[in-house]
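Subject: Structure for you to look at

Hello,

Here is the structure I said I would pass on.

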Amino acid sequence: MGRRGGPGPTADSLHLGLQDFTNRFQLRDMPRDAACQCGQLVIRCSGEPAGISLCHCLDCQRRTGSVFGVAAFFAKEKVTIAKGSSTQFRRGSDSGFDITFHFCCVCGSTIWWEPERLASMVGVAVGAFADPDFPAPKQATWDKRQHRWLHLPDEMASHPQSPVRTAPQE
Ligand SMILES: [Zn+2]
Ligand SMILES: [Zn+2]
């Protein structure tokens with residue numbers, strides 16, 4: 001299982017493995033930046049997310065233009081605007097609570113949102129971290145809207161629509 005498909009572990013591949021491990025370990029203590037596609041709007045999130053959730057709902061599909069959205073929830077005090085300015089859009093949700101979305105006024109990428117239902121939390125668009133090593137979602141919601149071709153890992157909990165909990169409790 002050599003990372004580079006070589007014949008076996010060499011001093012070089014062992015070193016790469018160690019470096020990889022060190023990088024991942026250090027990431028946990030380092031803040032992560034989430035940025036829009038043009039780069040003028042950046043937020044900084046410290047610590048690990050309190051929860052990560054994938055959502056198949058049609059609102060998330062329309063918001064992202066993709067077939068699902070993935071949110072990392074951080075406590076509000078762990079998130080700061082590093083640079084740029086945003087515009088907001090507020091809408092209702094099927095939980096009965098509004099959500100306010102913040103997006104780049106230049107390129108339109110939504111970077112974070114404030115769910116009224118979880119007033120102490122900020123949802124951050126996981127794609128905005130542009131980090132394939134970002135931790136995986138623990139659960140998926142609204143799986144009745146899941147695109148038919150999409151198969152998620154068996155160990156990921158799923159809910160047919162609004163789950164009992166979409167994010168960590170306050
Ligand atoms: Zn932008
Ligand atoms: Zn959704």
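**A proline in a loop**

Pro-135 counts as exposed because 12 C-beta neighbours lie inside 10 Å (a residue is exposed if 12 or fewer other C-beta atoms lie within 10 Å of its own, buried if there are 20 or more, and partly exposed in between; the C-beta atoms are placed from the backbone). Pro-135 belongs to the loop between E9 and E10. Its C-alpha atom is 9.0 Å from that of Pro-49, and the two residues are 86 apart along the chain.

**Before you go on**

This is a predicted model, in which local features need pLDDT of at least 70 and side-chain atom pairs count only at pLDDT 80 or more, while totals for chains, interfaces and linings use all residues. Residues are numbered from 1 along each chain as its sequence is written, and chains are lettered from A and ligands numbered from 1 in the order in which they are written.

**The chain as a whole**

The chain contains two helices and eleven strands (DSSP runs, numbered from the N terminus: H or I of at least four residues for helices, E of at least two for strands). Along the sequence they follow the pattern α-β-β-β-α-β-β-β-β-β-β-β-β. The chain has 170 residues, of which 28% count as buried.

**An open sheet**

Strands of a sheet pair through backbone hydrogen bonds, either parallel or antiparallel. One open sheet here has three strands in the order E1-E2-E5, with antiparallel pairing (two strands pair if DSSP finds at least two bridges between them). Its edge strands are E1 (32-35) and E5 (79-83), each of which pairs on one side only. E1 and E2 (residues 42-45) are joined in the antiparallel sense over four bridges, and Asp-33 stands opposite Arg-44 in E2.

**Strand E3**

Is E3 enclosed by the rest of the structure or open? Five of its five residues are buried, so E3 is largely enclosed. Gly-51, Ser-53 and Cys-55 lie on one side and Ile-52 and Leu-54 on the other, and both faces are covered. E3 runs antiparallel to E4, with five bridges between them; in this pair Leu-54 stands opposite Val-70. With E10 (residues 139-141), E3 pairs in the parallel sense over three bridges, and there Ser-53 stands opposite Gln-139.

**The nonpolar core**

The largest nonpolar core has 32 residues (such a core is a set of buried Ala, Val, Leu, Ile, Met, Phe, Trp, Tyr and Cys residues joined through C-beta atoms within 7 Å). Among the residues with the most contacts inside it are Ala-34, Phe-74 and Trp-112. E4 gives this core its largest share, five residues. Leaving out residues up to four places away in sequence, Trp-112 touches Ile-43, Val-79, His-102, Val-122, Gly-123, Val-124 and Ala-125 (contact requires C-beta atoms, placed from the backbone, to lie within 7 Å).

**Two residues with positive phi**

Most residues other than glycine have a negative phi. Ala-130 has a positive phi, near 45 degrees, and is found in the loop between E9 and E10. Ala-130 is exposed, with 12 other C-beta atoms within 10 Å. Trp-142 also has a positive phi, of about 60 degrees, and is found in the loop between E10 and E11 (157-158). Trp-142 counts as buried because it has 24 C-beta neighbours inside 10 Å.

Regards

Notes
Contact = placed C-beta atoms within 7 Å.
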